[in-house]
Amino acid sequence: MAGRDGEAVETEERGYKYPLTYSEWFEALKKGKLLGLKCLDCGGITCPPFSVCQKCGSKKLEKVTLSGKGKLMTFTVIHTPPEGYEPPYIVCYVKLEEGPWIPGRLDLDPDVAEKEGTNLIGRDVKLKGHIVHPGDKHTSFTERIIPLFKLAE
């Protein structure tokens, strides 16, 4: 970093307070709320939480509550899961009304999803809740909270 030594950067990082940690994000999901970060420089929305705006890289972020509504952009039915997961289930990406794409699970019968296929892409979805998965021997977390979406009526 031109003009700044490592000590100056380290001092700045120690003083930075994250406006939304993953722990806070998980706790909000448990209560049925989807939180994100709004950039005070460009107005972009970042979700799940990162330490900087995903559009412009600014650290000027504030915590916001998101609608939980969006469009199903892609999905896959998992038949052979990693340790600790029960198949079949559907992993998806949702483009939220506020802009960011967010990974999650889709609450839909996997057989229906496979029959409908690409007809589901672009459908309206909304946050239904969350799924809790325990940590495993390969991860450092004790549990993982995953957003659960459902097709909107």
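**Entry 1: ground rules**

I count two strands as paired if DSSP finds at least two bridges between them. Helices (H or I, at least four residues) and strands (E, at least two) are DSSP runs, and I number them from the N terminus. This is a predicted model, where local features need pLDDT of at least 70 and side-chain atom pairs count only at pLDDT 80 or more, while totals for chains, interfaces and linings use all residues. Residues are numbered from 1 along each chain as its sequence is written, and side-chain values use heavy atoms, with hydrogens and water left out.

**Entry 2: the chain as a whole**

I listed the elements and found 3 helices and 8 strands. Along the sequence they follow the pattern α-α-β-β-β-β-β-β-α-β-β. The chain has 153 residues, and 35% of them are buried. Buried means under 20% relative accessible area, exposed over 50%, and partly exposed in between (1.4 Å probe, protein chains only). I then looked at contacts, meaning heavy atoms within 4.5 Å. Of the contacts with a separation of 6 or more, 51% are between residues 24 or more positions apart.

**Entry 3: the three-stranded sheet**

I traced an open sheet of 3 strands in the order S2-S1-S3, with antiparallel pairing. S2 (45-46) and S3 are the edge strands, each pairing on one side only. S1 and S2 run antiparallel and are joined by 2 bridges. In one of the pairs I checked, Lys 38 has Ile 45 in S2 as its bridge partner.

**Entry 4**

Next I followed strand S5 (residues 89-96) into strand S6 (residues 101-106). They run antiparallel, with 5 bridges between them. Cys 92 stands opposite Gly 104 in S6. The two strands form a hairpin with 4 residues between them. In the turn, Gly 99 has a positive phi of about 125 degrees.

S6 also pairs with strand S8 (residues 143-151), here in the parallel sense, over 2 bridges. Arg 105 has Leu 148 in S8 as its bridge partner.

**Entry 5: cis peptide bonds**

I looked up two cis bonds. One joins Cys 47 and Pro 48, with omega about -5 degrees. Pro 48 lies in the loop between S2 and S3. Another joins Pro 87 and Pro 88, with omega about -15 degrees. Pro 88 lies in the loop between S4 and S5.

**Entry 6: the core**

A nonpolar core is a set of buried Ala, Val, Leu, Ile, Met, Phe, Trp, Tyr and Cys residues joined through side-chain atoms within 4.5 Å. The largest one here has 32 residues. Trp 25, Leu 34, Leu 96, Ile 102 and Phe 149 have the most contacts inside it. At least two residues each come from H2, strand S1 (34-39), strand S3 (61-66), strand S4 (69-78), S5, S6, strand S7 (124-134) and S8. In soluble globular proteins, nonpolar side chains tend to be buried together.

I picked out two of these residues. Leu 34 is in strand S1. Leu 34 counts as buried because its relative accessibility is 1%. Leu 34 and Leu 66 are 32 residues apart in sequence, yet 5.5 Å apart in space, C-alpha to C-alpha. Beyond four places in sequence, the contacts of Leu 34 include Trp 25, Cys 47, Leu 66, Leu 96, Ile 102 and Leu 127.

Ile 102 was my other pick. With residues up to four places away left out, Ile 102 touches, among others, Trp 25, Leu 34, Pro 48, Cys 92, Pro 147 and Phe 149.

**Entry 7: pockets**

My search used a 1 Å grid over the protein atoms alone. A pocket is an open set of points where a 1.4 Å probe fits, with protein on both sides within 12 Å along at least five of seven lines, and lining residues have an atom within 4 Å of a point. Grid points are joined across faces, edges and corners, and a volume is the space filled by probe spheres set on the points.

The largest pocket has a volume of about 270 Å³. Its lining has 14 residues, with Pro 103, Gly 104, Arg 144, Ile 146 and Pro 147 nearest the centre. Helix H2 (22-30), S5, S6 and S8 each give two or more residues to this lining. S8 supplies the largest share, 4 residues. By class I read 11 nonpolar, 1 polar and 2 charged. Ala, Val, Leu, Ile, Met, Phe, Trp, Tyr, Cys and Pro count as nonpolar, Asp, Glu, Lys and Arg as charged, and the others, Gly among them, as polar.

The second largest pocket has a volume of about 150 Å³. Its lining includes Cys 47, Pro 48, Gly 99 and Trp 101. Here the classes are 6 nonpolar, 3 polar and 2 charged.
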